[in-house]
Amino acid sequence: MKITWLGHSGFRIEIEDQVILLDPWISNPLFDPARRGEAMEGATHVLLTHGHGDHASDTVAIAKELNIPVVGIYDLLSFWEQKHGIATIGFNKGGTVRLGNVAVTMVSATHSSSYPGGEGPVYGGTEAGFMIAGEGKTIYVSGDTDVMADMAIFEDLHHPEIGILAAGGHFTMDMKRAGYAAKKFFDFETVIPCHYRTFGLLEQSADELAAMLPGVRVIEPQILEPIEL
């Protein structure tokens, strides 16, 4: 399994027979556009947590360019399928879809979801996280969220070994809250923070998160440097 950061909350996840682009906002300020092809090579699906531009704004273009389906919340994707003619796999909270040999379960997050419209924000379906299971491991993708008591249920049902946690603060959990969530509700082997370092408004270091999780491998990702697990 390889997990490669694309900046902000975007990841390339190579697992089983799939290459999943998670929230691939590759026009983010940290990503070198000259490496776009490297990020997308062999991708099989785009997996989207919600409709905000810092997650979804490159999705339709990538789906069209690569001729791959977008996987995520039914409301938004059914609209995009009609409007943009892209292939989609829409589902909802508690549902599981099979992407080749990989099982993806949608779980709750607590945030918001919209995209810009002519007269203000447009409803973008609800925000979500995912459990991605394959190669004998489960990855919990928190999506943009605060701490939730639901996380105890996620651990009971899925026992994820790997956590990709939004931890930049202001719009999501900060490092302290992400550390609390990981320590209180999960038994992670590995935690990868995201939704940070992109702008000065967000946290720039995961030192506090790592200090809160002794015995857990906390990895600060680097752009297009694969993490092998």
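**View 1. Lysine 2 and its partner in strand β2.** In this predicted model, lysine 2 has glutamate 14 of β2 as its bridge partner. Strands β1 (residues 2-7) and β2 (residues 10-15) run antiparallel and are joined by five bridges. Strands are DSSP runs of E, at least two residues, and helices are runs of H or I, at least four residues, each numbered from the N terminus. Two strands pair if DSSP finds at least two bridges between them.

View 2. Seven strands form an open sheet in the order β6-β5-β4-β3-β2-β1-β16, and the pairing is mixed. At the edges stand β6 (88-91) and β16 (227-228); each has a single partner strand, so one side of each is left without a neighbour in the sheet.

View 3. Of the 229 residues in the protein chain, 55% are buried (under 20% relative accessible area, with a 1.4 Å probe and protein chains only). Contacts are heavy atoms within 4.5 Å. Among contacts between residues at least 6 apart in sequence, 61% join residues at least 24 apart.

**View 4. Charged side chains.** The protein chain carries 15 positive and 30 negative side chains, and the centres of the two sets are 1 Å apart. Lys and Arg count as positive, Asp and Glu as negative; His and the chain ends are not counted. Each charge is placed at NZ of Lys, CZ of Arg, CG of Asp or CD of Glu.

**Notes.** Residues are numbered from 1 along each chain as its sequence is written, and side-chain values use heavy atoms, leaving out hydrogens and water. Local features need pLDDT of at least 70 and side-chain atom pairs count only at pLDDT 80 or more, while totals for chains, interfaces and linings use all residues.

Note on methods
Buried < 20%, exposed > 50% of the residue type's maximum accessible area, 1.4 Å probe, protein only.
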